[in-house]
Amino acid sequence: MEKKNRLEYLDIARGIAMISIVLGHMGVRSFNRVVFTYHLPIFFIISGFFINTRDDNATFIKKKVKTLIIPYIIACIGVILSAVFMNLVFDDGAGILDVVKRWGVASLYGAGDSYTEPFKVQGIGAVWFLLATFWAVIILKLLLKANKWVRIAVVFALFYLGMWTRDKFFWFPLSIQAGFTALLFLYIGYLLRESKDLLPIIPKEIAVFGTVFALVVWLQFIKNFQSFWLVHSDIGRGFVDIFGSLCGCLIIVLLSMLIERKVKFLRVPLAFFGKNSLIFLIAHIIELDTFRWWSLLDKIFPEGLPQKYYVPAVIVLKFIFIITFTVIFSNINPVRRLLGMPALEKRKGKKEE
């Protein structure tokens, strides 16, 4: 059972971000220039906002292994099993050992994307986010015991170290550089939490002006988008784009608050996706890495499908699979416990009078 004091608009924001992640992996430039400006930063900021400051470090790390590393391992196992199944269906099992090796090595290396220099690396895909979040939250938790000036210095130092090592060396295993980049956004989320009592007393005129200003900055970021790939620790034009991203995240959160209050038909599904974003992500990485949507469409439409309909058809098929997968597994308590999610309590019937 969900806690009554849960901030539903943040679940809605997560839901919007999860849908945006799927669209961003379609390889459509018009999608990417919008969704890449906010979809991952908003997750990192929310993670920083809710970072647990009460647990000791050992307990905190154990919890994060349970909620981030174990789900990563489960997602990788799902990818390998799905890849084997697809190989059996489409290739009659030819090269099945190479398939297992390919995705097994990708799982162990934990890179979000594939690389060829200085050596070949097969990317595991979107679940790099879980590894990056793990490194970022652990580092931030350790830094909370440090002097605030030391904390600020280390956050910026690691942020630049992630980008510098990417350019000068190579992409390290387990997405640690992406974790250094994510740390900055987590820290921003933590600072927002520390100053949350100030937000309600902001004068309305300042709030309206700030919202319009943020919207304009975000739209300019989208218009002039060059690159903002946190999976590569690539922040495009630097802090100009980071500011644009923060403005985009603000607009998405404000939109989520509006949906929570006024748009019930969107509030319920988006909040559901947000609350179950981990399962949603696992479903997405399985289909993204292994499903052969184009071959499936060719089987569904043997006479051919006009090229302009392929992308919309794939989007529909993706969301049918992801939503079905999420609905089913989010209601299975052993799965939820395995992923470190709270179990659903059985609803008790009304007592007879």
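This report covers the salt bridges, cysteines and aromatic pairs of one structure. The model is predicted.

## Salt bridges

The whole structure contains 8 salt bridges.

| Pair | N to O distance |
|---|---|
| D55 and K63 | 2.6 Å |
| R193 and E194 | 3.2 Å |
| R237 and D241 | 2.7 Å |

How accessible are the partners? Take D55 and K63, whose side chains meet in a salt bridge. D55 has a relative accessible area of 18%, so this residue is buried. K63 reaches 41% relative accessibility and counts as partly exposed.

R237 and D241 also join side chain to side chain. R237 is partly exposed, at 33% relative accessibility. D241 is buried, at 0%.

## Cysteines

How many disulfides does the structure hold? The count comes to 0. A disulfide is a covalent bond between the sulfur atoms of two cysteines.

C247 shows the reasoning for one cysteine. The closest cysteine sulfur to that of C247 belongs to C249. The two sulfur atoms lie 9.3 Å apart, which is too far for a bond, because a disulfide needs them within 2.5 Å. C247 itself is buried, with a relative accessible area of 6%. C76 is another buried cysteine, at 4% relative accessibility.

## Aromatic pairs

The structure holds 28 aromatic pairs. One of them joins F44 and F129: their ring centres are 5.2 Å apart. The ring planes meet at 35°, so this pair is tilted. The pair links distant parts of the chain. F44 sits in helix 3, which covers residues 39-49. F129 sits in helix 6, which covers residues 128-143.

How are the rings of F225 and W229 arranged, stacked or edge-to-face? They are edge-to-face, with 75° between the planes. The distance from centre to centre is 5.3 Å. F225 is buried, with a relative accessible area of 4%.

F225 and W229 also belong to one aromatic cluster. F36, F221 and F228 are the other members of that cluster.

Technical notes
Residues numbered from 1 in each chain as written. Predicted model: local features only at pLDDT ≥ 70, side-chain atom pairs only at ≥ 80, totals over all residues. Heavy atoms only, no water. Salt bridge = Lys/Arg side-chain N within 4 Å of Asp/Glu carboxyl O. Buried < 20%, exposed > 50% of the residue type's maximum accessible area, 1.4 Å probe, protein only. Phe/Tyr/Trp six-rings, centres within 6.5 Å; stacked < 30°, edge-to-face > 60°. Helix = DSSP H or I, 4+ residues; strand = E, 2+ residues; numbered from the N terminus.
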